[in-house]
Amino acid sequence: MAKRSHSGGPSGSHRTLRVGEAIRRRLSELLTRGEIHDPALTAMSITVGEVRVSPDLRVATAFILPLGGKDAEEALLALRRNKGEIRHHVGKALGIKHTPEMRFALDDTFDRMDATRAMFADERVQRDLAKDDDSDEDA
């Protein structure tokens, strides 16, 4: 019998995506409602942009960013300090056999978007784009 591949490409299988989104929602709820008993976490507003789960569902990496981008390192330290409690709450909500190990990293999506905007605003890039538009019209 042939082995079935469960990878759905670079973004992962449907199951890993579904589990990652469920973890993201539950983690967001925990942080919004102040269910984690740490004054550092209850004092700041943290956005959970994405949760990536490994293909074997053993590790979940949550990409977070505090509101305004301030105190990002403090937020990471607080989340890492409370990862056991977070994992417990997430595991109860997921209802799967093994709860993934929780890891936390800063979400750099907004920084990359700003860098992309700055690149497209550069006059040299604008000039090159205008040349490409002119050559497309000639074709």
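**View 1. D38 and the residues it touches.** Leaving aside residues up to four places away in sequence, D38 touches A78, R81 and N82; a contact here means heavy atoms within 4.5 Å. You'll find D38 in the loop between helix 1 (14-33) and helix 2 (39-42). Helices (H or I, at least four residues) and strands (E, at least two) are DSSP runs, numbered from the N terminus. D38 counts as buried because its relative accessibility is 8%; buried means under 20% relative accessible area, exposed over 50%, and partly exposed in between, with a 1.4 Å probe and protein chains only.

A quick word on what you're looking at: this is a predicted model, where local features need pLDDT of at least 70, side-chain atom pairs count only at pLDDT 80 or more, and totals for chains, interfaces and linings use all residues. Residues are numbered from 1 along each chain as its sequence is written, and side-chain values use heavy atoms, with hydrogens and water left out.

**View 2. The whole protein, end to end.** The protein has six helices and three strands, and from the N terminus on they run α-α-β-β-α-α-β-α-α. Of its 139 residues, 32% count as buried. Among the contacts with a separation of 6 or more, 60% are between residues 24 or more positions apart. The mean pLDDT (the predictor's confidence in each residue, from 0 to 100) is 82, and 78% of the residues reach 70 or more. Over residues 1-9, though, the pLDDT is below 50, and beyond near neighbours in sequence this stretch has two contacts in the model. Where pLDDT is low, the predicted coordinates should not be read in detail.

**View 3. The hairpin of strand 1 and strand 2.** Strand 1 (46-53) and strand 2 (59-66) form a hairpin with five residues between them. The two strands pair in the antiparallel sense over seven bridges; strands count as paired if DSSP finds at least two bridges between them. Follow the pairing across and you'll see E50 opposite F63 in strand 2, and V53 opposite A60 in strand 2.

View 4. Phi of L57 is near 65°, a positive value in a residue other than glycine. Most residues other than glycine have a negative phi. L57 counts as buried because its relative accessible area is 12%, while D56 counts as partly exposed because its relative accessibility is 47%. The side chain of D56 makes a polar contact with the side chain of S54 (2.6 Å) and reaches the backbone nitrogen of R58 at 3.1 Å. A polar contact is a pair of N or O atoms within 3.5 Å; within protein, one must be able to donate a hydrogen and the other to accept it, and residues adjacent in sequence count only if both atoms are side-chain atoms. D56 and T16 are 40 residues apart in sequence but 8.4 Å apart in space, C-alpha to C-alpha.

**View 5. Strand 2 beside strand 3.** Six bridges join strand 2 to strand 3, and these two run parallel. Strand 2 is mostly covered, with seven of its eight residues buried.

**View 6. Helix 3, one side in and one side out.** The buried residues of helix 3 are A72, A75, L76, A78 and L79. Seen down the helix axis, they fall within an arc of 165° (taken from the directions from the axis to the C-beta atoms), so they line one face of helix 3. On the other side, L77 and R81 are exposed. The buried residues pack against helix 1, helix 2, strand 1, strand 2, helix 4 and strand 3.

**View 7. The largest nonpolar core.** This core has 26 residues, and the ones touching the most other members are I23, L27, I46, I64, L79, I86 and F104. Helix 1, helix 2, strand 1, strand 2, helix 3 (72-81), helix 4 (83-94) and strand 3 (101-106) each give two or more residues to this core, and the largest share, five residues, comes from helix 1. A nonpolar core is a set of buried Ala, Val, Leu, Ile, Met, Phe, Trp, Tyr and Cys residues joined through side-chain atoms within 4.5 Å. Zoom in on F104: not counting residues up to four places away in sequence, F104 touches L27, A62, L76, L79, R80, K83 and I86.
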